[in-house]
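Subject: Structure for you to look over

Hello,

Here is the structure I promised to pass on. Please open it beside this note and follow along.

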There are 2 protein chains.
Amino acid sequence: MTRPFIAVDWGTTSFRAYHVNADGGVLDERRSSDGILAVKDGAFEQALETHLRGWDIGLPVVAAGMITSRQGWVELPYVDCPAGPKELAKAIITKSLTSGRTVHFSTGLHMKSESLGHDVMRSEETQVFGSLNSGAAHFVTPGTHSKWIDVEDGKIVRFETYVTGESFALYRNHSILGRLMTGDGDDKAAFMRGVEKALADPAGLLHSLFSVRSLGLYNEVGPEALSSYLSGLLIGAEVAHATKQRKRDGLYLVLASSGIASRYLRAMHMAGLKAEMGDSLAIVAGERLIAEAAGII
Amino acid sequence: MTRPFIAVDWGTTSFRAYHVNADGGVLDERRSSDGILAVKDGAFEQALETHLRGWDIGLPVVAAGMITSRQGWVELPYVDCPAGPKELAKAIITKSLTSGRTVHFSTGLHMKSESLGHDVMRSEETQVFGSLNSGAAHFVTPGTHSKWIDVEDGKIVRFETYVTGESFALYRNHSILGRLMTGDGDDKAAFMRGVEKALADPAGLLHSLFSVRSLGLYNEVGPEALSSYLSGLLIGAEVAHATKQRKRDGLYLVLASSGIASRYLRAMHMAGLKAEMGDSLAIVAGERLIAEAAGII
């Protein structure tokens with residue numbers, strides 16, 4: 001019988017904590033924009049205690065995400081692929097806080113990558129572990145830096161990172177391409193037009209991006225639809241390239257909140273992939289598996 | 001006999017004026033960072049008079065660049081490709097200033113683009129016209145939005161835009177990829193490594209970009225060389241795609257200041273193109289041709 005615990009997902013720009021019961025169900029949840037970048041002078045312990053206030057101090061805390069990075073609380077070396085929950089469990093580092101609370105830090109994965117030399121992630125592997133019972137072999141975690149992750153026999157064997165979400169934010173907020181945009185409506189047709197363009201000319205991204213301006217200047221894509229078009233160009237380029245790196249058959253599971261997940265699903269279906277939305281609480285199930293393997297709960 | 005005139009190149013972020021003699025030689029030059037975005041409340045006339053102070057008020061001024069765009073002084077419709085100096089000469093709009101000075105505004109080109117729907121430029125076409133006597137059929141104008149331009153029989157027949165320079169600035173200054181960088185040294189080996197990567201996997205840009213971070217984290221590219229590596233990835237992706245759009249044979253002329261031009265030449269040579277540096281004052285020669293064709297000088 002597994003014991004209750006607190007699952008923490010502490011990223012660059014967000015903090016999430018889940019009060020998990022013995023069956024793995026989430027009893028309560030705390031969300032905040034206090035990502036690691038928002039914590040000043042390394043005051044992580046204080047920030048954590050503030051967020052967890054009122055929750056049983058005797059419950060073990062399991063924390064994953066950028067909180068174990070160089071900019072985080074405790075820098076943990078990456079574990080090498082292939083790796084499953086057991087390999088991460090062995091790498092856990094435990095810290096006792098002044099309050100009496102115990103925090104178990106779980107690190108991320110590194111891959112000696114043919115394409116990049118090195119590729120790394122923190123927290124996406126845990127989402128994937130929490131989704132292993134889906135039977136899917138391929139996982140996509142959209143975000144600032146999206147990951148495409150392949151699983152064999154319960155272990156992550158390879159993955160690639162795409163700087164898609166960050167690129168969208170850059171072009172949307174800081175570039176000339178963003179100047180003609182009004183709002184960020186979800187325009188399905190404009191999004192699909194962008195995806196189509198990207199799938200048809202995957203090597204032409206730096207060229208295609210200019211069409212965000214030229215089609216805007218000629219009003220062929222309206223100012224309220226331009227950001228959807230931009231999103232389609234970028235997600236389409238990611239999907240086109242990632243699809244070429246692996247088998248097209250088999251189920252792809254998209255792990256993200258519903259808005260961004262549905263965009264990815266649309267683009268992946270257009271590329272001929274079988275893709276479904278995964279569990280948005282997969283990180284909790286993943287931390288639970290790791291904590292069980294470590295004998296913490 | 002052609003008469004002396006003043007050639008103005010007024011872009012988004014820079015202003016240039018050249019006092020040109022009857023032979024086309026530049027007698028004097030004024031440079032400023034007063035691009036059109038720096039001019040408040042549409043005070044373009046005042047800005048121009050300030051920059052030209054002391055130069056003969058009787059000399060005709062020919063102005064090209066973003067000064068004729070929607071954000072500029074006088075918005076001029078684009079001229080359609082194919083077009084040469086004569087077609088631009090016909091589209092000139094003339095304005096008399098309070099001082100008695102006369103300014104002739106020369107517009108840019110539009111192309112019904114197969115790849116983008118529409119593609120546009122302002123000022124790069126004038127640089128190309130000023131370089132026609134080189135005999136080259138292909139021209140590259142690196143910059144915020146690079147252009148690859150093909151000429152036949154003295155007319156521009158097609159071109160493509162790449163948002164390479166702007167992308168570099170975005171990733172360099174606003175992204176997580178820029179965090180590990182120290183300085184902007186010109187590291188030839190790192191630049192070439194980036195170009196090589198881009199030429200080998202032109203469709204993988206969003207993926208390759210993450211290596212700016214991962215190779216930095218593992219110190220395989222030093223912090224002072226990372227921006228050169230990033231530059232190589234982006235310019236390499238541009239060169240790889242642009243090369244596929246046209247014949248590889250024939251001379252390519254690169255029109256830019258020497259620093260950025262030599263990076264482009266390096267990448268283009270790596271891609272097997274015959275490329276040389278063009279005349280950095282080509283814009284002056286181009287405006288002269290247009291002004292001659294218009295009977296202004």
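Contact here means heavy atoms within 4.5 Å. Keep that in mind for the packing described below. Note also that this is a predicted model.

**Helix H1 of chain B**

Start with helix H1 of chain B, residues 44–52. Its buried residues are Phe44(B), Ala47(B), Leu48(B), Glu49(B), His51(B) and Leu52(B). What do the buried residues of H1(B) pack against? They pack against five strands of chain B: E1 (5–10), E2 (15–20), E3 (26–32), E4 (61–64) and E7 (102–105). An α-helix has 3.6 residues a turn, so residues three or four places apart point the same way. Just after H1(B) comes Gly54(B), with a positive phi of about 95°.

**How the two chains relate**

Superposing chain A on chain B gives an RMSD of 0.0 Å. Which C-alpha of chain A is nearest the axis? That of Ala203(A), 1.9 Å from the axis.

One cross-chain contact is worth a look. Arg70(A) touches Leu217(B), and also Glu75(A), when residues up to four places away in sequence are not counted. Arg70(A) sits in the loop between strands E4 (61–64) and E5 of chain A. Its C-alpha is separated by 37 Å from that of Leu226(A), 156 residues apart along the chain.

**The H5 and H8 pair**

Two packed helices are described by the angle between their axes and the distance between the axes. In chain A, the axes of helix H5 (residues 188–200) and helix H8 (residues 226–244) come within 7 Å. They cross at roughly 35°. The crossing of H5(A) and H8(A) is right-handed.

From H5(A), the residues in contact are Ala190(A), Phe191(A), Arg193(A), Gly194(A), Val195(A), Lys197(A), Ala198(A) and Leu199(A). Those they meet in H8(A) include Ser228(A), Tyr229(A), Gly232(A), Leu233(A), Gly236(A) and Ala240(A). By class, the contact of H5(A) with H8(A) has 10 nonpolar, 5 polar and 2 charged residues.

Now chain B. H5(B) and H8(B) pack at an angle of about 35°, with their axes 7 Å apart. H5(B) passes H8(B) in a right-handed crossing. Among the H5(B) residues that meet H8(B) are Phe191(B), Arg193(B), Val195(B) and Lys197(B). The contact of H5(B) with H8(B) divides into 10 nonpolar, 5 polar and 2 charged residues.

**The nonpolar core**

The largest nonpolar core has 86 residues. Which residues have the most contacts inside it? Met268(A) and Met268(B). Leaving aside neighbours within four places in sequence, Met268(B) is in contact with Val140(B), Trp148(B), Val239(B), Tyr252(B), Val254(B), Leu273(B) and Ala275(B).

Follow the last of these. Ala275(B) lies in strand E14 (residues 274–277) of chain B. Is Ala275(B) buried or exposed? Its relative accessible area is 7% and buried means under 20%, so Ala275(B) is buried. With neighbours within four places in sequence left aside, Ala275(B) is in contact with Leu251(B), Tyr252(B), Leu265(B), Met268(B) and His269(B). The C-alpha atoms of Ala275(B) and Ala89(B) are separated by 30 Å, at 186 residues apart along the chain.

**Backbone points to check**

Cys81(A) and Pro82(A) are joined by a cis peptide bond, with omega about -5°. Pro82(A) is in the loop between strand E5 (79–80) and helix H2 (85–90) of chain A. In chain B, a cis peptide bond joins Cys81(B) and Pro82(B), again with omega about -5°.

Phi of Ser123(A) is near 100°, a positive value in a residue other than glycine. Ser123(A) is in the loop between strand E9 (117–121) and helix H3 (124–129) of chain A. Ser123(A) counts as buried, at 11% relative accessibility. For Ser123(B), phi is near 105°. Ser123(B) is buried too, with a relative accessible area of 12%.

Best wishes

Key:
Residues are numbered from 1 along each chain as its sequence is written. Chains are lettered from A and ligands numbered from 1 in the order in which they are written. This is a predicted model: local features need pLDDT of at least 70, side-chain atom pairs count only at pLDDT 80 or more; totals for chains, interfaces and linings use all residues. Side-chain values use heavy atoms; hydrogens and water are left out. Axes are lines fitted to C-alpha atoms, for helices over the stretch in contact, and angles run from 0 to 180 degrees between N-to-C directions. Helices (H or I, at least four residues) and strands (E, at least two) are DSSP runs, numbered from the N terminus. A crossing is left-handed if the near helix is turned anticlockwise from the far one by less than a right angle, and right-handed if clockwise. Ala, Val, Leu, Ile, Met, Phe, Trp, Tyr, Cys and Pro count as nonpolar, Asp, Glu, Lys and Arg as charged, and the others, Gly among them, as polar. A nonpolar core is a set of buried Ala, Val, Leu, Ile, Met, Phe, Trp, Tyr and Cys residues joined through side-chain atoms within 4.5 Å. Buried means under 20% relative accessible area, exposed over 50%, partly exposed in between (1.4 Å probe, protein chains only). Copies are superposed by least squares on the C-alpha atoms of residues with pLDDT of at least 70 in both.
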